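Trainee: I'd like to take a close look at one part of this model. Could you walk me through it?

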Amino acid sequence: MEMTELRFRAAERLLERGWDVFVLHEIGTDRAHHLFQKFWDVDHPQYVSGNPHEDKIPRYYRLVDELAGRLFKKLPRDVEVLVVSDHGNQAQRGVLALNQLLAEWGFLRFRREPSRGEDVDAVVDWERSVAVAWGGYYARVFINAVGEEAVEVKRELKQKLSVLKAPWGYIRNVVFEPAELYRAVRGDAPDLMAYFDSLRVRPVQTVGWESPWLEGNDRGPDDSLHSFNGFYAATWGDARRKDIHALDVAGFLERVL
Ligand SMILES: [Zn+2]
């Protein structure tokens, strides 16, 4: 809260200088969810009603709302305002150590027995592995094979990951190849991008766990995951309409600037 107050105070100062476009980025809303989601979100599996941190997220949003209101009041009349988040947040329902699963399925082999929570990079046996994954909000799967074998591994993994069930039941997973999502694929692109339970299950890349399904995040507390819908509000023209796509924002800006 202190950080946010400071940031808005700095913004108020900077507003007094000459500018054409003024951008303020506040990361606190994201962090508040990552740290306090389970204390506030009734859909979170670990939510306990009446816990002492239940009001942390609403309190933080009230602060941001108040500070944003104060900032907007300082703007000249002819300024158009756009408030936009690049994603929403939702409760984390589970954590999946995907490489552990790849090892169980025989796609990945280790050079030695991994210690608990060890990064896959330290133990992967590249000679005998055909697939390895990076974690994140979605998993990036890299296939270590060529020709027919690569095609077959990709097909098999796509199928297996799409229908993967969680310990609590069916979940909705989607698996894409980058070219299905992006107009151009550059750099060291993964072979598959896997989204589990509509982003409510977090894939992680560490190994050495008793089961591929973990109790919580593998690297410190984090109870929330990004979701597809974010926040959006605007003061002008067709930018005010509801249900816009993130990519529309660029178009609105082009027209205004
Ligand atoms: Zn985040």
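Which way do V201, R202, P203 and V204 point from strand β9 (residues 201–204), and are they buried or exposed?

Mentor: Happy to! Keep in mind that this is a predicted model, where local features need pLDDT of at least 70, side-chain atom pairs count only at pLDDT 80 or more, and totals for chains, interfaces and linings use all residues. Residue numbers start from 1 along each chain, following the sequence as written.

In β9, V201 and P203 point one way, while R202 and V204 point the other way. In a regular strand, side chains alternate between the two faces of the sheet. Residues on both sides of β9 are buried, meaning that 20 or more other C-beta atoms, placed from the backbone, lie within 10 Å of a residue's own. Strands here are DSSP runs of E with at least two residues, numbered from the N terminus.

Now for the surroundings. β9 belongs to an open sheet of three strands with mixed pairing, in the order β9-β3-β11. β9 and β11 (213–214) are the edge strands, each with a single partner strand, so one side of each has no neighbour in the sheet. Two strands count as paired if DSSP finds at least two bridges between them.

The partner of β9 is β3 (residues 94–97), and the two run parallel over four bridges. Within that pairing, R202 of β9 stands opposite V95. On to β11: it runs antiparallel to β3, and two bridges join them. V95 turns up again there, with L214 in β11 as its bridge partner.

Notes:
Buried ≥ 20, exposed ≤ 12 C-beta atoms within 10 Å, placed from the backbone.
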